[in-house]
Number of protein chains: 2
Amino acid sequence: MNLTGELLIGQQAVKGTHGTIKAVNPATGETLSPEFSGGTPQDARRACELAWSAFDSYRETSLAARADFLEAIAAEIEALGDALVERAVAESGLPEGRIQGERGRTCGQLRLFARTVRAGEWLDVRIDPALPDRQPLPRVDLRQRHIALGPVAVFGASNFPLAFSVAGGDTASALAAGCPVVVKAHPAHPGTCEMVGRAIQRAVAKCGLPEGVFSMLHDAGFEVGQALVGDPRIKAGGFTGSRKGGLALLGIAQNRPEPIPFYAEMSSINPVFLMPAALEARGKALGEAFVGSLNMGAGQFCTNPGLVIGIRGAGLDAFVEAAAEALKGSQAQTMLSPGIHDAYVRGVATLAESDKVREVARGLPGDGPNRCQSALFVATGEDVVADEALQAEVFGASSLIVSCRDAAEVKRVAEALEGQLTATLQMDEGDLEAARALLPTLERKAGRVMANGWPTGVEVCDAMVHGGPYPATSDARSTSVGTAAIFRFLRPVCYQDLPDALRPEAVKEGNPLSLKRLVDGQRES
Amino acid sequence: MNLTGELLIGQQAVKGTHGTIKAVNPATGETLSPEFSGGTPQDARRACELAWSAFDSYRETSLAARADFLEAIAAEIEALGDALVERAVAESGLPEGRIQGERGRTCGQLRLFARTVRAGEWLDVRIDPALPDRQPLPRVDLRQRHIALGPVAVFGASNFPLAFSVAGGDTASALAAGCPVVVKAHPAHPGTCEMVGRAIQRAVAKCGLPEGVFSMLHDAGFEVGQALVGDPRIKAGGFTGSRKGGLALLGIAQNRPEPIPFYAEMSSINPVFLMPAALEARGKALGEAFVGSLNMGAGQFCTNPGLVIGIRGAGLDAFVEAAAEALKGSQAQTMLSPGIHDAYVRGVATLAESDKVREVARGLPGDGPNRCQSALFVATGEDVVADEALQAEVFGASSLIVSCRDAAEVKRVAEALEGQLTATLQMDEGDLEAARALLPTLERKAGRVMANGWPTGVEVCDAMVHGGPYPATSDARSTSVGTAAIFRFLRPVCYQDLPDALRPEAVKEGNPLSLKRLVDGQRES
């Protein structure tokens, strides 16, 4: 495939005029060709204008047509074949098997949203028929459905160059909801972005949709991203990345003349609670398994276990010892970009220099650029409660073990935590009561609470919640993974006494979409 | 009933120490006793502390217990009898029949939420069972339910001293979701607030709930309200009132160390589109009916028809003439407060002084203080598109008729509108195509689109949307009236591989709550 480095605006490919972006192979430091040309705020406006002009038409596509489109995108991505995998590996430093798996997840996600669109439950149709004879006042006919918010600006993540980038979760859920999408391509994998962006362009054309349904822009600085979030035709945003970047864009979204929802998934250290009976029975095995989760993908997951909490004793000692041993032998993996590697090195150094933190082990240093040398530290529960800085996310394979005096201190640590994507209990049957006591805190703090697993690994399904209280995300009322993500881009509209000829299909008499609607308080079966 | 003018903090009644609030009968200008004592930020913190300590327990009350509580509140309000109606009439200037109707709506609303709580659909339970043999990776067991966000700060509205005040829609939906509530009492009807607040206190006690489930504070300035929205234990807010007040509190909610959702219902002018065939057939009748809606409750409804759009011609002339005639004879009704009356007089004067606006008619001036003299103006579509100031809400019985050259100009006016709670079509069969062309704009602009009715009158039911794009509200993804309002105060949590003994009831094996859950993509029947 011939990459051109152009901006994809509707069905056009346009050479950008504002700076250039060069992809770097983080494993070798080598610069990859071609150069990608950066867009201008003017390009962003053009993409938004096209998205706006496509909106009224796209949001009223039939459920079948919209589902077909999502499936067509999946097919076009698969048709890219090995070239996509090769480019994504080169740009991300991630292993081939991981990228292949991620491609499967990306396409599976698009197809799952197609199923969700077809089922139509997201329309949440509610009908309260007219009661002309009601006393003291008659009731009018009221019918509710959900409609798309408007064009959505999507900012992909570096750590999932496929599943959370151009055709990733935010794009899939926004398109499923009926929202045109303008993507700000990630500068760490611009070639992967172009390949996937062109696949979506082809799907738009094949499905006969208005071209503005999808555009993708490169940004050599921050101007394009800022212009997108500030554009009056953009009605929502999706972002996965750093807290700093997320908050900057959130601020723009909130301070526009018309504020818009902005879903930023930002930072999480995913506490793991080692309960006493589990620690006693299998402290060593837990320590080893923990390092497996910690090192996965060089620790570059939003759900990486960055904090492990247990009560001091032989069980915790065995855990720490086994974890240290496993860590010392772990190979350094390539990180996603020089920038992420630098931030990791700084974060680890900050922890190492803290007088409240003891270094337990480091992994092998590795050779070559941008390698992630794993790191493990210990601090006391008291210090973690007192010093918020110890909760700072270090993106990469670094974790802090928190040794507590007793169950009460474990609870205090849990209560002192910021909002999280996940919270994990390692527990045996003897821990049931202690776990029950901790659970209300954990579900207040996290979007996903699990037992006897590790937080890395996020299933794309109906029940998933990849979200959580601030600062894990900017909006705990939603998830960015799984089919419930569609609700982020919808709003309810009520139709009162509209002639049936004018009613949208979802709320028409006769139920042409065969939905299970809530009619007069009863669910249709 | 003996009013004491105290703050209601948990089960206590406490004399405030920060200023006083005096209720005024707007119909007579007479000051009503007693004096109400204002709270301090310290009182707000105390109420929030109690709410926080009640939260984990209250949010896990059984569906039945929570529904019983809502019904107990309704019964306690009804038990207040005529005394409540008398006080509310004295404090609001609203007629007795209106207050009686509003009491019915308030209690009906609490009972409707009780039904919604019991049905349990709001839990939105989704289960993806484990697939241990799935290739290439097994699937873990994932179960999602919704839980309450946390304690909610509620700011009541002046124009619904019962249905949108202490035990109004925001309180009912927050309590239904499992959120403790701290109300900032409205200074225009503090006695009504105290009576209803004490009724809720009694319901809390009778139901054996933790006292922090409900508190209510008077505020002689803005300190208490600001302290509530800024308190770290408050996790959401609900507000109905002016754009200025709503935006000030929204700013606090967004700029806290942990930002929270803040649902402000602010301003709307509720455009009514007079379609050509309807105008031709019944311009006169429409003009008369319009004035009926405009004058209802002295125009003090969020859904008051403040803008009427039609194409110039004999039909529109007949409409204007009939409306002017009806308006000239309309009695001036008492407005809710001197402050609201002053703002109305200023708003009408601003319109009257505009060189783009022609005054068509005024109502009777009335005698006595705070009377609302209705007002009707005309401007051209061209001027309304060009000058946003003509869209400013004038709270009260004032409306602007927009005379357009043709259908294209009507569309331009519609597109130039800010977000609205409602948009109305007056249409006959011959208007179907023209209405169809306008509909995509109207549903983008408003939360409720209606035909051949008037926007005043908001049914409390499953299908209602009382919400809409900014600045009608701060969050178009929700409604503040109707059962869907419960979703404002919920967030999803996913439970992964939790032992069944630890799972919340909603997601337990065996479905003890008999919910229709989404299991493996299929809805249980």
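How many salt bridges does the rule find across the interface of chain A and chain B? The search turns up 12 of them. Keep in mind as you look around that this is a predicted model.

**How the two chains sit together**

Let's start with the symmetry. Turning chain A by 180°, with 0.0 Å of shift along the axis, superposes chain A on chain B with an RMSD of 0.0 Å. The two copies are thus related as by a two-fold rotation axis. The same surface serves both copies, since 100% of the contact residues of chain A recur in chain B. If you want to find the axis on your screen, look for Ser525(A): its C-alpha, at 3.6 Å, comes closest to the axis among the residues of chain A.

**What the interface is made of**

In this pairing, 70 residues of chain A are in contact with 70 residues of chain B. Together the chains bury about 6000 Å², and 54% of that area is on carbon and sulfur atoms. Three residues, Glu443(A), Arg477(A) and Leu502(A), supply 12% of the area that chain A buries against chain B, more than any other three residues.

Several elements of chain A each supply at least two residues of the side that touches chain B, including helix 1 (41–58) and helix 14 (432–445). By class, that side of chain A has 39 nonpolar, 7 polar and 24 charged residues.

**A closer look at salt bridges**

Side chains of opposite charge can pair when their charged atoms come close. Over all chains, the whole structure holds 86 salt bridges.

| Salt bridge | N to O distance |
|---|---|
| Arg59(B) and Glu443(A) | 2.7 Å |
| Lys206(A) and Glu76(A) | 2.6 Å |
| Arg405(A) and Glu409(A) | 3.8 Å |
| Glu6(B) and Arg198(B) | 3.3 Å |

Lys206(A) in helix 6 and Glu76(A) in helix 2 link distant parts of the chain, 130 residues apart. Lys206(A) counts as exposed, at 63% relative accessibility, whereas Glu76(A) is buried, at 9%. In another pair, Arg405(A) is partly exposed at 47%, while Glu409(A) is buried at 2%.

Glu6(B) and Arg198(B) are both buried. Glu6(B) lies in the segment before strand 1 of chain B and Arg198(B) in helix 6 of chain B, so this pair ties together parts that are 192 residues apart in sequence.

Salt bridges can also join up: Asp56(A), Arg59(A), Glu60(A), Arg145(A), Glu415(B), Glu443(B) and Arg444(B) are linked in a network.

Note on methods
Residues numbered from 1 in each chain as written. Chains lettered and ligands numbered in written order. Predicted model: local features only at pLDDT ≥ 70, side-chain atom pairs only at ≥ 80, totals over all residues. Heavy atoms only, no water. Least-squares fit on C-alpha atoms with pLDDT ≥ 70 in both. Contact = heavy atoms within 4.5 Å. Buried area = accessible area lost by both parts, 1.4 Å probe. Salt bridge = Lys/Arg side-chain N within 4 Å of Asp/Glu carboxyl O. Helix = DSSP H or I, 4+ residues; strand = E, 2+ residues; numbered from the N terminus. Nonpolar A, V, L, I, M, F, W, Y, C, P; charged D, E, K, R; others polar. Buried < 20%, exposed > 50% of the residue type's maximum accessible area, 1.4 Å probe, protein only.
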